[in-house]
Amino acid sequence: MRNFDEDNITQAVLDRLTGCASPRTRQISEALVRHLHAFVKEIEPSEAEWADAIAFLTRTGQMCSDTRQEFILLSDTLGVSMLVDAINHRFDEGATQTTVLGPFYMEEARDFPLGAHISRESDGSALIVEGTIEDARGNPIAGALIETWHADHRGFYDVQRDTGKSALDMRARFHTDRNGRFWYRSIVPAAYPIPNDGPVGRMLDAQGRHPFRPAHVHFKLSAPGFETIVTHVFIDGDPYLESDVVFGVKDALITKLLRIDGQVIPGGHEVASGTSLITYKFVLPDEPRS
Ligand code: BEZ
Ligand code: FE
């Protein structure tokens, strides 16, 4: 077939997909072509605009490195990461709600004993993070793996420092005790702008948007027989809770930053007066039976 025009080119491309070996690849390719063509027909780009769009995607790829993932930022800031998250975690009410993984998760974080201090920062306000992990019936999950990471009091992750990945900080792996409890010491994280010195930052500027995320601590929680949960706990009162640049905030994930007055917090751990406390109860849904 030849002589393609605005009216027949979409169907012509779809017709070329009949040789797809995988039905899923065919479904995805067809939807991509239909939606992409509909998008172009709606916006009717000039050739200069289309060249700009290609240059934007090119710069986005060129910005990616070992410690910078500009495509994840693009997906996050367009709400696509949260949409994929919602589609993949249609859990029963009661399960801990999920949110974006973000680009700062590192598999290579170190294991620490419960109660360890996970920040080497000498500044920053003292923090205890304490939690329990339970199943949907309220039973504690012993030996669950907690992967946790957060920004510092200036709003930077370890990998954003000059040392890059070579000096991991404010990230750790723990296992719950036999009562499903865990706790660790660190510093209170600040709200921060997502990395905005690249094409995604320019996109936010052009869209009249700020680049901030409200202060939070990340968690990835896993245990055999249960769904893995990727989530954050947000600190109540943060001015960016209503306008998180990546659309990741859910009411159920917001908690108050408590101030410890005595020497001992509810879990029975001795800490200095004036330390802040984040406490959260996580609930892991059962893994579906196959
Ligand atoms: C984060 O919370 O670490 C994050 C999430 C999405 C984009 C940038 C940062
Ligand atoms: Fe974060």
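Start by selecting H218 and ligand 1 in this predicted model: a polar side-chain atom of H218 sits 2.9 Å from an oxygen atom of the ligand. Then bring in R213, whose side chain places an N or O atom 2.5 Å from an oxygen atom of ligand 1. Now try a surface view: taken alone, ligand 1 exposes 260 Å², and the protein buries 100% of that.

Besides R213, H216 and H218, the residues around ligand 1 include L73, D76, G102, P103 and F104. Y157, Y192, I194 and V246 are also in that set.

Leave Y157, Y192, H216 and H218 displayed and select the iron ion (ligand 2). Which atoms coordinate the iron ion? Look for the OH atoms of Y157 and Y192 and the NE2 atoms of H216 and H218, at 1.9 to 2.1 Å. If you check the angles, the six donor atoms around the iron ion subtend 55 to 162 degrees, which makes the arrangement irregular. For comparison, ideal angles for six octahedral donors are 90 or 180 degrees.

Finally, colour the chain by sequence position. The donor residues of the iron ion follow the spacing Y-x34-Y-x23-H-x1-H. Y157 is in the loop between strand 2 (145-150) and strand 3 (171-175), while Y192 belongs to strand 5 (residues 192-193), so the pair ties together parts that are 35 residues apart in sequence. Are these two tyrosines, Y157 and Y192, buried or exposed? Both Y157 and Y192 are buried.

Conventions
Residues are numbered from 1 along each chain as its sequence is written. Chains are lettered from A and ligands numbered from 1 in the order in which they are written. This is a predicted model: local features need pLDDT of at least 70, side-chain atom pairs count only at pLDDT 80 or more; totals for chains, interfaces and linings use all residues. Side-chain values use heavy atoms; hydrogens and water are left out. Donors are N, O and S atoms within 2.8 Å of the metal (3.2 Å for Na, K and Ca); water is not among the atoms, so sites may look incomplete. Four donors count as tetrahedral if all angles lie between 85 and 135 degrees; four count as square planar and six as octahedral if opposite donors are over 155 degrees apart and all others between 65 and 115; anything else is irregular. Helices (H or I, at least four residues) and strands (E, at least two) are DSSP runs, numbered from the N terminus. Buried means under 20% relative accessible area, exposed over 50%, partly exposed in between (1.4 Å probe, protein chains only). A residue is near a molecule or strand if one of its heavy atoms lies within 4 Å of it. A polar contact is a pair of N or O atoms within 3.5 Å; within protein, one must be able to donate a hydrogen and the other to accept it, and residues adjacent in sequence count only if both atoms are side-chain atoms. Accessible areas come from the Shrake-Rupley method with a 1.4 Å probe; for residues, only the protein chains shown count as cover.
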